[in-house]
Amino acid sequence: MIPGAFDYHRPATVEDAVGLLAKLGEEANILAGGHSLIPLMKTRLASPEHLVDISGIGDLKGIAVRGEEIVIGAMTTQFELITSHDLEKHLPVIAETSRLIADPQIRYKGTFGGNVANGDPGNDMPALMMCLGATYAVTGPGGSRDIAARDFYQGAYFTSLEHGDILTEVRIPIPPADHGYAYEKLKRKVGDYATAAAAVAITMADGKCTSASIGLTNVSETPLWASAAAELLVGTNLDKASVDAAVAAAEAITEPATDMRGPSEYRTKMAGVMMRRALERAQSRAKG
Amino acid sequence: MNDQTKIDQDRAERTEKLQGMGCKRKRVEDIRFTQGKGSYVDDLKLPGMLFGDFVRSPHAHARIKSIDTSRAKALPGVVAVLTAADLKPLGLHYMPTLAGDVQAVLAEEKVLFQNQEVAFVIAEDRYIASDATELVDVDYEALPCIVDPFRSMDEDAPILREDIQDKMEGAHGPRKHPNHIFEWQIGDKDATDKVFAEADVTIKEMLVDHRTHPSPLETCQSVASFDKVKGELTLWGTFQAPHVIRTVVSLISGLPEHKIHVIAPDIGGGFGNKVGAYAGYVCSVVGSIVLGVPVKWVEDRMENLSTTSFARDYHMTTELAATKDGKIQGMRVHVLADHGAFDACADPSKWPAGFMNICTGSYDIPTAHLVVDGVYTNKASGGVAYRCSFRVTEAVFAIERAVELLAEKLGMDAAELRIKNFIKPEQFPYKSALGWEYDSGDYHTAMKKAMDTVGYKELRAEQAKKREAFKRGETREIMGIGISFFTEIVGAGPSKNCDILGVAMFDSAEIRIHPTGSVIARMGTKSQGQGHETTYAQIIATEIGIPADDIMIEEGNTDTAPYGLGTYGSRSTPVAGAATAVSARKIKAKAQMIAAHMLEVHEGDLEWDVDRFRVKGLPEKFKTMKEIAWASYNAPPPNMEPGLEAVNYYEPPNMTYPFGAYFCVMDIDVDTGVAKTRRFYALDDCGTRINPMVIEGQVHGGLTEAFACAMGQEIRYDEHGNVMGASFMDFFLPTAVETPHWETDHTVTPSPHHPIGAKGVGESPHVGGVPCFSNAVNDAYAFLGAGHIQMPHDAWRLWQVGEKLGLHA
C-alpha cells in the first residue's frame, strides 16, 4: 500500500500542464482528485514516474450556463455538482448521480473531469454523459478539440485522449424543463462501484414517449449508450411490452465481468432491473 | 425529611459518586480515542528505527527454486534482507503455533498459500523497504493446489506439508492423510446412531460457516528493540495476549523471560485476529537482534486480510433426530474444518476444534455425537475465534439453523419448537450431552420477553399476508423472520480443561491503594477497545468504595501487569473481572482490620456502608476508605504490614454461559436479491451488568459484525488459490449506512460461581447475530421451497436463489 517513487509537478495553467506532459513523456500522469489514480499507485498497479497535479489551475473549476448548454470545468468536485443551483435547475440528474458516487469525504476531493476522463467503466458519470449527449473539450499539444462523450470510451481505462491531452470542460445540452430523468445504481455498500447502474432521460407528450436516452454503468469494458433500447421506447406509452423489449435490448449489449459483485449473468440482469426502475422514476418525473 | 430518608439520600449520593457497577459511566478511554490521542504501535518512533516489509508469494502452492536478494540489497537504504536460509541456523524459520503445529516464518522450500512470507526486507524507511520487496527475485515452480477442503484427503491430492509428511501422529492424535491435521470426537456415537435409526423425524443438512476475517481497523504490527549491552528485548505489538507472547518469544528465541519486555499499547480492535504470533513479529525481533537497532513491522490492509488469521471455514454436516411432536432426541454433527496451510488456530491447547461441542445449544438434547476433521489447504492459516469464544459462532450457527430446518420439516413454529426443547430453569446446573456444565440460565423468561416485545404473533400474521400477496403477484418483496436463541460458553477457563502451551488459563488483577486513597490496578488482560479502563474501575469502586474516577486501570505492560492469558473469548469479565473483585475483597478485608483498630472496636462490630466501615448501631462512627488508606501507610495496627494492596490470580471454577433471544425482520427484493433489515431486536442475558452503556456498545458492535458475516463478508479463493477481494473495496465492512438499527434489551441471570455474577457479553451478539440473520433470509424463502440457503447472503447469491426458484420469469 505504498506507491513507488515519483516526482510531483503542479502547473498553474493549462498551457504549462500540456507543456509538462509533453516534456515528461509517457511516464507522466495527470493527477486530478486522485481517487482513482492514487489507489492504483498504492497497490502498484500504476507506477507513474511523474504526477502532474492540475488542481492548481483555477480555470478548470466552475459550473456555468452558456447559451443552451451547461458547462462544467473538469476540476469541479462532485460535492460542487451536488450543491450547484444551476445544475439543480437544469440538470438535477447530475446531483442525483453524484450523491451515489463514493462517500462525502471522497466527493469533496473527487473531480467531475477525473470521473469522466479516467475510462474506468465503474465510474458513474460517463454513462450519464453519454445519456445526456455531452461533449468533452480537450486541450493537447496540437491545440484544442471536442470529443462527443458517446465516441470517447474505447476500452477499460482506454479513451480517445492521447498522451498529453487534458480534459478541460464538459458541455451538456440543457434538456427541456419537462424532461424526466433518473439514475439508478445497485451497489453493495456506500463507496462501492456499481454492480450495475442506469441513467435515463426521456421526454413525454400526451402520454407518449417523444425521446429517450439510456446509459449503462459498469456492465461492459466501457460505459454503454443503449441507443437501440431507447429507440424501442420512443412513440410508445411505456407499456410493459415496450419496456420489456427495451430492457432486453439493453441487456443484449452488456458484457459484464464476473467479479465479487456477482457473476456476469446477474450483473446483466441488474442492468435491466436498474434501467426499468430508472425509467419508471423518469416517467413519474416527466411532465409532458 | 425524616432521619431514615436523610440516611438513604446520603447513601444514594455517595453511591452515585462512586460510579460503580450498574451505572452508565462514560468510557474514560474515549477521551483520548475520540481526539486521535491514542498511542498505537505505529505511533512509536525510536531513534535509529528501521522498517521491515515482506516479499510475498504470488502462488498458492509452489516450490521455491531460488531466491536472489542481491538487487534488493544494492538499493540504497536497504540494510538487510532475511530469508529462511538466514533464520534456519537460528531455528527460527518455523515457529510453534498455539495449536501444536509449526508455521513457516519465511518459506523455506515451498510456499503454501498466496501472499505467504518469503523474505523480509529491512530498510531505513518503509518506502525504501516497499520498493526493495520488488527487487527480490524469487524463482518459483508452480504446483497443483488444493482449494476445496473436500479434496484435501483425496488419494491423489498433492501433499502440502512436506515438512511433516512423515509425522503421522499429530498434536491431537493420528493423522489419516498427509493433509489431515486431526480428528476430534466427543459424545456417544453408538447411542446417537441408535437414536437416529429409531427416530420419527430426522433432518440432515450441510451448513457452511464460510471463511471470513476479523479485520480489525488497526492491522497487526510490532516494533522490536534489542539492547545488545543488556541483552534485553523490548517488543511492542498488537497483542491480545501480551504475556503469552512473552513466553512464546522466550521459548523460541532462547532469551530468558525476564529479559523480554512485551508491551501492548492501545490496540485498534482485535476480534481474535491478534491472539496468535505472526511472521512479522518474529522477523522484527530477529532483525533487531541481528542489527542492534529497533525494527518496525506494520501490515497493510491487504496483508491483514490475506495472511493473518482468518475465521471459520467450517463445513458442518448437521443432523437432528426428534419425535413427531417435536422433542429433539439426538444431534449428530460432522465438521470438515479447513485450517489453511498451517494449524494456527488460537484455541486452548487441548481443544483443536475449540468449544464446538457447545453445539447442542440451549436445548435439552440427551444424546449427541460430534466429529471434527481438520485438513490443510493452500490458503492462509487461522481459524480464530472472530468475536466469539472458540468456534462458538460455528456451533450456534449449526444448532440454530438446524432447529429451523427441523421446525420446517415438522410443520411447527420455529419459536414453539425452541421453547419445547429449552433446558428448563430447574435443570441448571445442566450437564450437556457433549460434556459441558451450563452454570445458569432462564431461557423461557428471556424468550417470552423477546417474543412479546417484537410482537411475534403479529409478525407471523403479517408475513402470512405478504406471502399471499407475493403469490398473487402484488409485490416483489418477501418477508423473513429470523430467530436465534443462543447459549455462549465464555471465560476460558478452568485449568482442568484449559491451558495455552501448558499455562493454565487463569487471569489476574493487582490493586494498589495509594496513601491519598487513589488507586492503580493492573490486569493480565488487554483491552482492544472493550472499555476495560472504565469497567474494571467500576468493579473496584463498588467493592472498596473508592470513586471509579480515582482508579487507574493499566494493562499491556508485561513488566508491571501480573501474568494473565489476555483478552479473547469474552474472558476478561468472567476471569480477570473475577480476579478484580477477589483482589478488591482482600483489600477490603485488610481495610476492615485497620478501621477496627482506628475506631477501637472489634472487626465484627463494623459494617460496610458504600465507601466506609461504620460501627454497627453507631452510624456516626465510621472511617472512610480514603481515611483507612492513609492510616494503612502511617499508622497500621501493630504487627500488620503497612500498605494496602492485593493481587489475585483467579482460577475460574467453570465457564460462564451467557445467552440471548434475538429476532430479525427482513424484507428481500427478489428481483435484485437485496435484503433490508427492517428490525433487529437483541435480548442479552450476561448476568450481572457492570456498565449498561458499555454492554450496549458491545452489543451494537457484535451485531454489526454478525450482520457483515451473514450478509456478505467473506474471504474467497479462486480455483488457483488466488485470494479474492482482500481489500475494503470488496470485503464487506458495513458503514453506518448499511448497518441496521439495533434494539437492545436484557434479562439478568447472574452466574452462580462468579464473584459478582457477571458472564461476559462482547461476543454474544456476534454468536447470536449470525444465525439470526441467516434464519431471517432462509425464512423469507422457505415458503417457496428454497431449502437451506448458504451464507453469505449477499445480493447476487439471493438473486440466484430466486433464479433457481423461477421467480424472475
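This is a predicted model: local features need pLDDT of at least 70, side-chain atom pairs count only at pLDDT 80 or more; totals for chains, interfaces and linings use all residues.

User: Which elements of domain 2 of chain B supply at least two residues each to the side that touches domain 3 of chain B?

Analyst: Those are β5 (102-104) and α9 (301-306) of chain B. The most comes from α9(B), which gives four residues.

User: How do you know how much area is buried between domain 2 of chain B and domain 3 of chain B?

Analyst: The area counted is what the two parts lose on being put together, summed over both. For domain 2 of chain B and domain 3 of chain B that comes to about 1,700 Å², and carbon and sulfur atoms give 62% of it. The contact takes 21 residues from domain 2 of chain B and 24 residues from domain 3 of chain B. Their centres, taken over C-alpha atoms, are separated by 37 Å.

User: Now the two chains. Why is the pair Arg44(A) and Asp131(B) called a salt bridge?

Analyst: The rule wants a side-chain nitrogen of Lys or Arg within 4 Å of a carboxyl oxygen of Asp or Glu. Arg44(A) and Asp131(B) have 2.6 Å from N to O, so the pair qualifies. Across the interface of chain A and chain B, the rule finds four salt bridges, and eleven residue pairs are in polar contact, again with both at pLDDT 80 or more.

User: Which element gives the largest share of the side of chain A that touches chain B?

Analyst: That's α12(A), with seven residues. In total, 25 residues from chain A and 29 residues from chain B take part in the contact. The area buried between the chains is about 2,100 Å². Met1(A), Lys189(A) and Met260(A) lose the most area on the chain A side, together 33% of what that side buries.

User: What makes β5 and β10 of chain A a pair?

Analyst: Two strands need at least two bridges between them. β5 (residues 69-73) and β10 (residues 166-173) of chain A have five, in the antiparallel sense, so they count as paired. In that pairing, Val71(A) stands opposite Arg171(A). Helix α1 (residues 14-24) of chain A packs on the sheet, touching β6 (135-140) and β10 of chain A.

User: What is the strand order in that sheet, and why are β4 and β7 of chain A at its edges?

Analyst: The open sheet of five strands in chain A runs β4-β5-β10-β6-β7, with antiparallel pairing. β4 (63-66) and β7 (143-148) of chain A have a single partner strand each, so one side of each is left without a neighbour in the sheet.

User: And how do you know that β13 and β14 of chain A are paired?

Analyst: They share two bridges in the antiparallel sense, and at least two is the cut-off, so the pair counts. Both belong to an open sheet of four strands in chain A, ordered β11-β12-β13-β14. In β14(A), Trp225(A) is the residue opposite Gly215(A). Helix α12 (residues 264-285) of chain A packs on this sheet, touching β11, β12 (196-205) and β13 of chain A.

Technical notes. Residues are numbered from 1 along each chain as its sequence is written. Chains are lettered from A and ligands numbered from 1 in the order in which they are written. Side-chain values use heavy atoms; hydrogens and water are left out. Contact means heavy atoms within 4.5 Å. Axes are lines fitted to C-alpha atoms, for helices over the stretch in contact, and angles run from 0 to 180 degrees between N-to-C directions. Domain bounds come from an automatic or database domain assignment. Buried area is the accessible area (1.4 Å probe) that two parts lose on being put together, summed over both. A polar contact is a pair of N or O atoms within 3.5 Å; within protein, one must be able to donate a hydrogen and the other to accept it, and residues adjacent in sequence count only if both atoms are side-chain atoms.
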